[in-house]
Amino acid sequence: MIKGVHHIALKCHGVESFNKTIEFYRDVLGLQVVRTWGAGNDSGIMLTTGDAMLEIFANADDEPVGGAIRHFALATDDVDECVRAVEAAGYEVFMRPKDIVIASVPAYPARIAFCRGPVNEEIEFFKAEP
């Protein structure tokens, strides 16, 4: 039934937050715009992450707070480059790049880092190692 993740949605509180969030994902992380719609607080945009999309709205009723989703992970070939781009844009990196091995069967080695995005979302940069 399920074929994969279609999109992850972020709600921004107003146009200023919306534009800042688009700038982060489009300009800092290099996601490509797929479609846009609306104007002002009714604006929306979808950007591709490769296998899924990030959908951003301008119409949140209040400022973002932590929710049930702890974080989302973006696959990358270069965790360190993502962190450099995020830091150069002035965003918080709260877990520096590091190599881990997820204690699963089989073991799953990866390189990861975490940052906070424009609407306080937690983003993991994830590179699976061979």
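## Ground rules

Buried means under 20% relative accessible area, exposed means over 50%, and partly exposed covers what lies in between (1.4 Å probe, protein chains only). By that scale Arg-84 is partly exposed, with a relative accessible area of 46%.

You're looking at a predicted model, where local features need pLDDT of at least 70 and side-chain atom pairs count only at pLDDT 80 or more, while totals for chains, interfaces and linings use all residues. Residues are numbered from 1 along each chain as its sequence is written, and side-chain values use heavy atoms, with hydrogens and water left out.

## First sheet: β1 to β4

Helices (H or I, at least four residues) and strands (E, at least two) are DSSP runs, numbered from the N terminus. Strands pair if DSSP finds at least two bridges between them. With that in hand, look for an open sheet of four strands in the order β1-β4-β3-β2, with mixed pairing. β1 (7-11) and β2 (32-37) stand at the edges with a single partner strand each, so one side of each has no neighbour in the sheet. From one strand to the next, the twist averages 20°; axes here are lines fitted to C-alpha atoms, for helices over the stretch in contact, and angles run from 0 to 180 degrees between N-to-C directions.

Five bridges hold β3 and β4 together in the antiparallel sense, and Leu-47 stands opposite Leu-54 in β4. Helix α1 lies across β1, β2, β3 and β4, running at about 160° to β4.

β7 and β8 run antiparallel and share seven bridges; Ile-112 has Phe-126 in β8 as its bridge partner.

## The greasy middle

A nonpolar core is a set of buried Ala, Val, Leu, Ile, Met, Phe, Trp, Tyr and Cys residues joined through side-chain atoms within 4.5 Å. The largest one has 25 residues, and Tyr-25, Ile-56, Ile-123 and Phe-125 touch the most other members. Elements giving two or more residues to this core include α1 (15-28), α2 (79-88), β4 (53-57) and β8 (122-128).

Take Tyr-25 as an example. Leaving aside neighbours within four places in sequence, its contacts (heavy atoms within 4.5 Å) include Leu-10, Leu-54, Ile-56, Phe-72 and Ile-123.

## Charged partners

Side chains of opposite charge can pair when their charged atoms come close. A salt bridge puts a side-chain nitrogen of Lys or Arg within 4 Å of a carboxyl oxygen of Asp or Glu, and the whole structure has eight of them. In one, Asp-80 meets Arg-111 (2.8 Å, N to O). That pair links distant parts of the chain, helix α2 and strand β7, 31 residues apart. Arg-111 also meets Asp-99 (3.1 Å, N to O), and shared partners join Asp-80, Asp-99 and Arg-111 into one network. Asp-80 is partly exposed at 25%, and Asp-99 is exposed at 56%.

Now back to Arg-84: its salt bridge is with Glu-81, the closest N and O atoms being 3.0 Å apart. The two sit three residues apart in helix α2, which means about one helical turn separates them. Glu-81 is partly exposed too, at 42% relative accessibility.
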